[in-house]
Amino acid sequence: MAIFSIENIAINGIAAAVPSKVESNWDYDYISEKERKLLIKTTGIVERRIAKKGQTTLDLCLLSANKLINELNWKRDEIGILIFVSQSADYHLPASSIVLQDKLNLAKNVIAFDINLGCSGYVYGLSVVMSLLKATGNKKALLLVGDISTNGLNYKDKSTYPLFGDGGSATALSINENNKTYFQLQSDGSGYDAIIIPDGGLRNPISDTTFIENELDSGIIRHSKNLHLNGLEVFNFTMREVAPQIKSILEHAGYEEENIDFLVFHQANKLLNETIRRKLKFPKEKVPYSLGKYGNTSSCSIPLTIVSELKDKLINNKKLILSGFGVGLSWGTAIVDFKDIVIPDLIIE
Amino acid sequence: MDTIDIFIRKLREELDDIEDQEFNPETSFRDIEDWSSMHVLILIAFIDTEYDIEVNAEEFSNLSTINDVYELINSKQ
């Protein structure tokens, strides 16, 4: 199993941005009032933020990055690495990270590339940025993570539409003594179709049948450029894999629940996350939720939860577990140290 | 393991959004009005939390009554 640690890289700050447009699941009139009640109670998702026309993941990440760089008082020419993690880039090509190099006025010797991951992407992104900082000797790096998922949703699909929201984030990292981060990263491609947008890539190019809507089940109508989610399969996968991964990384690092200040999950749904929390015997107050306000924001959910729920609680030194799981299937957990971390107010644009 | 009566009482509390429905060992889930895939998730999560037993969706699809679920939990303990 891929458990490893990286020393002497610190997370200096995290910023996040969400669209100003709010949609409430109480207004989701495609389903009955009874169904709405059950949906909100079970998933914990009350409101979601929806990107405005023309607003992209890159835009939200750019806002976050500029605010973070300014609050940290970083010099832009010291930033040597820029990684963008998303499944909703501006273009099929070129990579958004390279577009962002120019928009952020970073030097031309910056290493910039994209990583295509969703719910596990923040943890994977941290591991890649930390490894590159170590390998290259660069002093400072930016990790931009986010997704606009709502443009791939079908209003007539109750299994996806009321779950997802949009968001972008920026995380600043630098070389710093006395820091150790643990990672465990895993993948299972046999479940590749559990969360998928089937058409539009090379395997299934856009065709005459792409936009034909099919009714798969009662209340589930979608076409092949919409997001498909097999809720039961993803639920089973998460119940089976996430708690054991967190237990094994804790054991590897020699920590117990009492050594950890907060456990930040990818915000999938309340029922699922609470079941994992109980399996791990973590008390409620250590496991924050932003689900109610923002829904499932894919790769952005961990940094967004930190910014919206933990901003005032991360004073001095804190030890956190970050755990992302989903599309791929892909899942990863990190144990990170936060020391005097800078968290600007959430940007609403 | 709980008796079937206690199991049904706990299940009833877990599925409290389902109104006007008597739960007994022979009750078939699919006959419950308003039964949905969301309830399957609630049930799977309940069994995991309460009895520390993992039931996957495929196993559940082979079950029909409350007693079938109770028996499956018993067989896994």
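This is a predicted model: local features need pLDDT of at least 70, side-chain atom pairs count only at pLDDT 80 or more; totals for chains, interfaces and linings use all residues.
**Exercise 1. Positive phi**

Find out whether Asn105(A) counts as buried or exposed, and do likewise for Ser298(A).

*Solution.* Step 1. Check phi. Asn105(A) is not a glycine, yet its phi is positive, near 55°. Ser298(A), also not a glycine, has a positive phi of about 55°.

Step 1. Asn105(A) is in the loop between α3 and β5 (111-115) of chain A. Ser298(A) is in the loop between α7 (291-294) and α8 (301-310) of chain A.

Step 2. Apply the cut-offs. A residue is buried if 20 or more other C-beta atoms lie within 10 Å of its own, exposed if 12 or fewer, and partly exposed in between; C-beta atoms are placed from the backbone.

Step 3. Count. Asn105(A) has 11 C-beta neighbours inside 10 Å, so Asn105(A) counts as exposed. Ser298(A) has 34 inside 10 Å, so Ser298(A) counts as buried.

**Exercise 2. The surroundings of Ile302(A)**

Describe where Ile302(A) lies and list its contacts beyond its sequence neighbours.

*Solution.* Step 1. Ile302(A) belongs to helix α8 of chain A.

Step 1. Ile302(A) counts as buried because it has 31 C-beta neighbours inside 10 Å.

Step 2. Leave out neighbours within four places in sequence. Ile302(A) is then in contact with Tyr122(A), Val264(A), His266(A), Leu322(A) and Gly324(A). Contact requires C-beta atoms, placed from the backbone, to lie within 7 Å.

Step 3. Take one distance. Pro288(A) is 14 residues from Ile302(A) along the chain, and their C-alpha atoms are 10.0 Å apart.

**Exercise 3. Two domains in chain A**

Which element gives the largest share of the side of domain 1 of chain A that touches domain 2 of chain A?

*Solution.* Step 1. Chain A is assigned domain 1 (3-179) and domain 2 (184-286 + 318-336). Such bounds come from an automatic or database domain assignment.

Step 1. The centres of domain 1 and domain 2 of chain A, taken over C-alpha atoms, are separated by 16 Å.

Step 2. Count the contact. Domain 1 of chain A brings 27 residues and domain 2 of chain A brings 31.

Step 3. On the domain 1 side, β1 (3-18), α1 and α4 (121-136) of chain A each give two or more residues. The largest share, six residues, comes from α4(A).

Step 4. Sort that side by class: twelve nonpolar, twelve polar and three charged residues. Ala, Val, Leu, Ile, Met, Phe, Trp, Tyr, Cys and Pro count as nonpolar, Asp, Glu, Lys and Arg as charged, and the others, Gly among them, as polar.

**Exercise 4. Chain B and its contact with chain A**

Work out how chain B is built and how α6(A) and α2(B) are oriented.

*Solution.* Step 1. Chain B has four helices and zero strands. Buried residues are 16% of its 77 residues.

Step 1. The contact between the chains takes 15 residues from chain A and 14 from chain B. On the chain A side, α5(A) supplies the largest share, seven residues.

Step 2. The axes of α6(A) and α2(B) (residues 37-51) come within 10 Å and cross at roughly 5°. Axes are lines fitted to C-alpha atoms, for helices over the stretch in contact, and angles run from 0 to 180 degrees between N-to-C directions.

Step 3. The two helices, α6(A) and α2(B), are therefore roughly parallel to each other. Angles under 35 degrees count as roughly parallel, over 145 as roughly antiparallel, 65 to 115 as roughly perpendicular and the rest as oblique.

Conventions:
Residues are numbered from 1 along each chain as its sequence is written. Chains are lettered from A and ligands numbered from 1 in the order in which they are written. Two residues are in contact if their C-beta atoms, placed from the backbone, lie within 7 Å.
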